[in-house]
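Here are my notes on this model, as numbered points. Please read them beside the coordinates.

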Amino acid sequence: MTKPSLDILLCAPRGFCAGVVRAIDAVERALAIHGAPVYVRHEIVHNKYVVENLKRKGAVFVRELDEVPDTGAPVIFSAHGVAKTVPEAAQARNLFAIDATCPLVTKVHREAQVHHKRGRHILLIGHAGHPEVIGTMGQLPEGAATLVETVDDIARLQPENPDNLAFVTQTTLSVDDTQDMVNALKERFPSIVGPHKEDICYATTNRQGAVKRVAPAVEAMIVVGSPNSSNSQRLREVAEREGCRLVRLILRAEDIDWNLFGNIRSLGITAGASAPEVLVEEIIDAFAARYEVSVESVSTADESVFFPLPRELREQAAE
């Protein structure tokens, strides 16, 4: 029987960003230098496939440092960043800690610290409970920052000094939603101080830009990523907002609901910044088993960003 045809538009850029590559490489380099086990506080990145793969290589994921034994084995902090109390606790126990926080998240931490030193109250645009938000809030004394998640939150704010505010943002938010919130902040508090360069990272911006190009042109869209990945969820929301009638966030090919995707003739595919390309290929292969597929890459930006490994691993590799 002749297979039906399917046009796949493949978003570019998609998948791993420089911060994710650096974090995963940090775990693998630590394993290569020190051997197993290497402990990792929280998921190194928000992708189950990546985490399980590193577990098989000897990484042990823990929720808190008290689960790490005093054996001298390295403990790595995730790409999302941690509160100040975490490295302080590691130092108090003389743990060999390696900080794999994305440099773009570290930039937000430093911005928040500078604003605090200058006496400004900080408004953090982000999602409650996300590790990056917990880490950024944890750079500051309690009460020095207020989390705002929606425009309605901004309308309800009653700061002590409305003329002495600053804002920073989580790096993995929707570009459009965040701009709406920044506009609301500036309208309500005209003297508020923002970042010199926007906090939403280049990878988030670029991946959402590619989705905006592809989503209106296809019947369905798949975002490859984990449900707990903020940037992947934002890609799903962007595709829906751009008018694609069927959008699903999917981790593996086995998660595809063929009752939903069975009769489409055009499909867009992207991947969150923590999703490896092998999962994109796996999903394309699953469609190729059922369709005669043609694949076209739709590129909206070129990426050449590179972040070196954490200093401790660079020094040990050199030795």
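1. Start with the annotated position. UniProt, in an unreviewed entry, places the feature "active site" at E132. The model is predicted, and the annotation may be inferred rather than shown by experiment. Please keep both caveats in view.

2. Where does E132 lie? E132 is part of helix 5, which covers residues 131–137. Is E132 buried or exposed? E132 has 3% relative accessibility and counts as buried, because the cut-off for buried is under 20% relative accessible area.

3. Which residues does E132 touch, once neighbours within four places in sequence are set aside? The contacts are H80, V105, T169, Q170, T171 and T172. Please inspect these side by side with the UniProt record, which puts "active site" at E132.

4. Now the charge pairs. Side chains of opposite charge can pair when their charged atoms come close. How many salt bridges does the model contain? The count comes to 16. Three of them are taken up below.

5. In helix 4 (residues 103–117), K107 and E111 sit four residues apart, about one turn of the helix. Their side chains form a salt bridge, with N to O at 2.8 Å. The two partners fall in separate accessibility classes. K107 is partly exposed, at 25% relative accessible area. E111 is buried, at 14% relative accessibility. The 20% cut-off lies between these classes, so K107 and E111 are labelled apart.

6. Helix 2 (residues 48–57) holds K55 and E52, three residues apart, which puts about one helical turn between them. Their side chains meet in a salt bridge at 3.4 Å, N to O. K55 is partly exposed, with 40% relative accessibility. E52 is partly exposed too, with 30% relative accessibility.

7. Helix 9 (residues 230–241) carries both R236 and E240. They are four residues apart, about one turn of the helix. A salt bridge joins their side chains, at 3.2 Å from N to O. E240 has 38% relative accessibility and counts as partly exposed.

8. Which residues make up the network of salt bridges? R234, R236, E237 and E240 are linked in it. Please treat R236 and E240 as members of that network, as well as a pair within helix 9.

Methods. Residues numbered from 1 in each chain as written. Predicted model: local features only at pLDDT ≥ 70, side-chain atom pairs only at ≥ 80, totals over all residues. Heavy atoms only, no water. Salt bridge = Lys/Arg side-chain N within 4 Å of Asp/Glu carboxyl O. Helix = DSSP H or I, 4+ residues; strand = E, 2+ residues; numbered from the N terminus. Buried < 20%, exposed > 50% of the residue type's maximum accessible area, 1.4 Å probe, protein only. Contact = heavy atoms within 4.5 Å.
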